[in-house]
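I opened the notebook with two things to look up: how the chains meet, and where the open space lies. Here is what I wrote down as I went.

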Amino acid sequence: MPSRFVKGVRRIGHRTINSLLRLGVASRFFVLVLLHSGSSFRRPHLIIKELFSTGVLSLIIILVSGLFVGMVLGMQGYDTLQRYGSEEALGVMVALSLVRELGPVVAALLFASRAGSAITAEIGLMKATEQLSAMEMMAVNPIARVVAPRFWAGVLSMPLLAAMFSAMGVFGGYLVGVKLIGVDEGSFWSQMQSAVDFQQDIVNGIIKSFVFGVAVTAIALFEGYDAPPTAEGVSGATTRTVVTSSLAILALDFVLTAFMFRGEG
Amino acid sequence: MTADNLVEFQNVSFSYGKRPILKGISMAVPRGKVVAIMGGSGCGKTTMLRLIGGQIRPSVGAVAVDGQRVHELDADGLYQMRRRMGMLFQFGALFTDMSVFDNVAFQMREHTDLSESVIRDLVLMKLHAVGLRGARDLMPSELSGGMARRVALARAVALDPMLIMYDEPFAGLDPISLGVIGNLIRRLNDALGATSIVVTHDVHESLEIVDYVYFVSDGVIVAQGTPDEMRASDKPFVHQFVHGEEDGPVPFHYPASAYGEDLRLGGKHA
Ligand SMILES: Nc1ncnc2c1ncn2[C@@H]1O[C@H](COP(=O)(O)OP(=O)(O)O)[C@@H](O)[C@H]1O
Ligand SMILES: [Mg+2]
């Protein structure tokens with residue numbers, strides 16, 4: 001009879017090996033998706049169709065959340081800035097927070113819970129109802145026909161959604177700061193324009209959301225493709241998509257921020 | 001292998017992990033015929049179809065289709081071969097995000113350069129053959145079980161395959177749909193000059209339409225013959241199956257320890 005300690009160590013070992021194995025399977029899947037992407041680009045209507053469903057699915061929630069986040073930023077930012085008598089900097093604060101961090105991160109989190117979970121559920125159900133098997137038997141590779149177009153649609157729509165989130169957020173900050181509280185409209189916009197740097201802020205924000213798009217979509221597709229073909233299997237995979245991709249977004253954000261903005265200021 | 005057989009199992013064994021499913025199956029499916037594989041649920045019928053389609057490989061032996069050993073084909077060869085096979089999955093497996101029309105058109109669009117107008121005509125012909133030309137714009141979720149099965153049938157024969165495989169085509173259908181599907185299987189086979197394999201546990205319906213029957217039990221072929229021979233057979237297994245008796249060579253009970261012992265009537269445990 002092994003002691004509890006030995007059992008505990010054994011369990012940790014098991015878990016570690018299983019996670020590593022799954023990570024290996026996931027990486028292999030990701031490489032396969034990239035290798036089989038050619039046909040999606042030769043038939044862009046496949047990507048456009050998925051772009052429509054993933055993008056449009058998330059559009060409303062992204063726009064509404066962006067507006068509210070921007071309005072809250074306007075209030076909180078004004079409250080802090082006016083203590084130092086620099087409330088004209090409100091526009092800069094709102095814009096930089098959104099473009100650098102909140103736009104890419106919050107939009108990606110929303111995208112993971114809205115579109116990511118939908119992708120996992122859809123692929124998982126296609127597998128459970130043998131649609132993927134049927135496709136294989138029709139000599140059509142499901143990774144090329146089903147997975148790759150969804151991957152590229154997710155990757156392309158994420159920066160667009162993040163940009164819309166930021167735009168709505170700036171508008172929300174403007175509504176609260178300028179229209180409601182009465183910050184000077186001219187300095188709100190002009191300071192924003194002069195302080196937001198294209199390369200440093202906008203491009204980096206776009207890179208972030210592109211990376212998040214790759215991560216969320218790849219996780220969602222893998223979880224769906226790997227789901228046990230049962231009702232519990234698919235629902236478990238859907239939950240895992242949201243949890244794993246949210247953690248991945250936050251961890252990647254830390255790493256990317258450290259690289260992009262280190263030594264600045 | 002003789003050229004008259006489109007599909008041959010040559011001493012095929014297969015296991016899932018350590019669990020043996022098929023144990024040395026040899027059988028032949030002659031060209032142009034409709035052959036049934038019968039056996040209880042879980043005896044490995046679907047597994048046999050997957051072996052033919054090359055989705056899994058035999059652990060011993062080989063499956064040959066049109067003279068080629070399936071597991072020796074590379075990915076391209078396998079895909080070439082699958083283009084000449086049609087398969088009706090157990091629950092239809094229609095693509096739920098496409099209309100009936102697009103489901104049937106799927107392989108034509110993937111594998112041919114036909115223009116949309118030619119595809120339209122072909123799809124309508126296939127749908128007409130299964131009586132569902134009028135349902136072309138419906139989505140799979142709007143179809144009844146029998147209709148979905150017919151659409152899947154039209155999709156399976158979209159590219160006029162040389163081999164059509166049916167996995168439980170009769171399961172869960174009402175008596176009218178049952179007869180309709182049965183007749184369609186026979187008619188499509190003869191009209192296309194194809195060869196068909198029908199996997200089923202539905203004895204009466206299939207004995208009406210097939211040319212030859214293999215009975216599978218416990219991983220081996222326990223009986224074979226024409227439908228008439230099967231009906232007249234006095235082999236206990238075939239008799240039990242054809243007449244739907246509850247107990248016989250196929251036990252009603254899943255293997256278990258003795259009933260009395262399980263209920264702890266032995267005294268020792270009480
Ligand atoms: N992917 C799999 N992994 C492990 N066991 C499986 C798998 N698929 C089927 N089996 C098992 O193999 C046996 C035969 O399955 P199958 O060929 O589907 O039976 P049938 O179609 O005759 O009902 C069943 O007992 C089933 O539990
Ligand atoms: Mg089966």
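**Entry 1: the interface.** I started with the area, keeping in mind that this is a predicted model. Chain A and chain B bury about 1,800 Å² between them, and carbon and sulfur atoms account for 56% of that. I then looked up the contacts and found 17 residues of chain A touching 22 residues of chain B.

Entry 2: How many salt bridges does the rule find between chain A and chain B? My search returned 5.

Next I asked what chain A brings to its side of the interface. Helices α5 (131-137) and α6 (142-181) of chain A each supply at least two of the residues that touch chain B. The largest share comes from α5(A), with 6 residues. By class, I noted 6 nonpolar, 4 polar and 7 charged residues on this side of chain A.

Entry 3: Side chains of opposite charge can pair when their charged atoms come close. Asp97(B) forms a salt bridge with Arg150(A), where the closest N and O atoms are 3.7 Å apart. This pair crosses between chains: Asp97(B) sits in the loop between β6 (85-88) and α3 of chain B, while Arg150(A) belongs to helix α6 of chain A. Asp97(B) also meets Lys49(A) in a salt bridge, at 3.8 Å from N to O.

**Entry 4: the largest pocket.** Rolling a probe the size of a water molecule over the atoms shows where empty space is left. The largest pocket came out at about 680 Å³. Which of its 30 lining residues are closest to the centre? I listed Ala139(A), Val140(A) and Asn141(A) from chain A, plus Asp76(B) and Tyr79(B) from chain B.

I then sorted the lining by element. Two or more residues each come from α2 (38-42) and α6 of chain A, and from α2 (75-82) and α3 (100-111) of chain B. The biggest contributor is α2(B), which gives 6 residues. Sorted by class, the lining holds 12 nonpolar, 10 polar and 8 charged residues.

Note on methods
Residues numbered from 1 in each chain as written. Chains lettered and ligands numbered in written order. Predicted model: local features only at pLDDT ≥ 70, side-chain atom pairs only at ≥ 80, totals over all residues. Heavy atoms only, no water. Contact = heavy atoms within 4.5 Å. Buried area = accessible area lost by both parts, 1.4 Å probe. Salt bridge = Lys/Arg side-chain N within 4 Å of Asp/Glu carboxyl O. Helix = DSSP H or I, 4+ residues; strand = E, 2+ residues; numbered from the N terminus. Nonpolar A, V, L, I, M, F, W, Y, C, P; charged D, E, K, R; others polar. 1 Å grid on protein atoms, 1.4 Å probe; cavity = no way out; pocket = protein on both sides within 12 Å on 5 of 7 lines; lining within 4 Å. Points joined across faces, edges and corners; volume = space filled by probe spheres on them.
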